[in-house]
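Today I am looking for pockets. Here is the structure I have open in my notebook.

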Amino acid sequence: MARFREYLKRWLRWERGRQGTGYDKLLLAVNPLLIPFDMYLLRYPVGSHIPPHRDPVPGRCHYRLNIVVRRSQQAGEFVCADPIYSSRRIHLFRSDLSTHSVTRVDGTPRYVLSLGWVLRGDASR
């Protein structure tokens, strides 16, 4: 029950992204059972960025699907070392293995729908 209360405190409320570089995230859904996943709307105001990083989950494979809802007029591009699939608006990648980042957003804000899930397995493959 405590997890559910915590979820309700965060649900549909903007909070700062954990990279501390100016982006915000809005929790849309989370499920800790069976196939754990989360879904956020990410907002990148002008001037924000995300430095190169990985998102390890010990003993698990961490996948992320990012769908660009609104592109910035200038820059704010997603960069990934080894995506599974990547197009102008859709990016599927292993966030635990592939170094990824977002260049500085200029022009207009950028919005991304981000769905992440973790599976059991060898995190090195």
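I started with the second largest pocket, which has a volume of about 330 Å³. I noted the terms for myself: on a 1 Å grid over the protein atoms alone, a pocket is an open set of points where a 1.4 Å probe fits, with protein on both sides within 12 Å along at least five of seven lines, and lining residues have an atom within 4 Å of a point. A volume is the space filled by probe spheres set on the points, which are joined across faces, edges and corners.

This is a predicted model, where local features need pLDDT of at least 70 and side-chain atom pairs count only at pLDDT 80 or more, while totals for chains, interfaces and linings use all residues. Residues are numbered from 1 along each chain as its sequence is written, and side-chain values use heavy atoms, without hydrogens and water.

Next I looked up who lines the second largest pocket: I found 13 residues, with Arg3, Tyr7, Val30, Asn31 and Pro32 nearest its centre. Helix H1 (2-10), strand E2 (24-31) and E3 each give two or more residues to this lining; helices (H or I, at least four residues) and strands (E, at least two) are DSSP runs, numbered from the N terminus. H1 gives the most, with five residues.

Then I turned to the largest pocket, at about 510 Å³. I see 28 lining residues there, and Arg18, Asp55, His62, Arg64 and Ser114 lie nearest the centre. Which strand gives the most to this lining? I found that E12 does, with six residues.
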